[in-house]
Amino acid sequence: GSAASIHARAVRPVDRGKTRWPRDCQASGLLMAGPSGAGFLRGEDVPMAAGVWVLEGLTDLLAAHLVAHRQEVPAVLFGAAAGGFRGLSKVRWPAPVLRGDVSVFARTDNDATGDEYAARIARALQPLGIRVRRAPWETT
């Protein structure tokens with residue numbers, strides 16, 4: 001694809017928060033995906049024996065991709081900012097996920113914000129009948 005937007009994060013958070021988006025751009029419904037996630041979204045047959053991982057933000061997504069690549073973990077990885085998790089409801093989920101043969105994991109941080117994001121992920125997929133399991137992501 002081609003870049004549609006860029007955003008910045010403050011090194012020192014200010015009263016307006018730490019993330020900035022260009023005018024008329026936002027993260028609402030935006031899912032980030034690497035090669036496995038992009039292939040999944042295109043309907044390709046991608047390895048997903050280790051499930052679908054939904055991670056909290058870009059940095060965790062990148063870290064998870066490195067781990068999955070190095071350890072040859074057959075998982076599909078998505079990341080989203082706070083407002084992006086609702087985009088999961090628009091994904092055309094393949095039958096193995098809908099049947100529960102492939103698990104979906106909320107791999108969010110193990111803190112209060114991660115708990116809220118995991119709940120948002122579960123709420124986005126609940127109308128589709130997809131059960132979400134919590135498996136906190138540790139970046140350390």
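R107 lies over the face of W53, 4.6 Å from the ring centre (NZ of Lys or CZ of Arg within 6 Å of the ring centre and within 35 degrees of the ring normal). The model is predicted, so local features need pLDDT of at least 70 and side-chain atom pairs count only at pLDDT 80 or more, while totals for chains, interfaces and linings use all residues. Residues are numbered from 1 along each chain as its sequence is written, and side-chain values use heavy atoms, with hydrogens and water left out.

Aromatic pairs

- The structure holds four aromatic pairs (ring centres of Phe, Tyr and Trp, the latter by its six-membered ring, within 6.5 Å; planes under 30 degrees apart are stacked, over 60 edge-to-face, the rest tilted).
- The F40 and F78 rings make an edge-to-face pair, because their centres are 5.7 Å apart and their planes stand at 75°.
- Both F40 and F78 are buried (under 20% relative accessible area, with exposed over 50% and partly exposed in between, 1.4 Å probe, protein chains only).
- F85 and Y117 form a tilted pair, with ring centres 5.5 Å apart and planes at 50°.
- F40, F78 and W93 form one aromatic cluster.

Helix α2

- Helix α2 (residues 57-70) has 14 residues; helices are DSSP runs of H or I with at least four residues, and strands are runs of E with at least two, numbered from the N terminus.
- The buried residues of α2 are G57, D60, L61, A64 and A68, whereas T59, H69 and R70 are exposed on the face turned away from the buried side.
- Just after α2, E72 takes a positive phi of about 55°.

Methods:
The expected span of a helix is 1.5 Å times one less than its number of residues.
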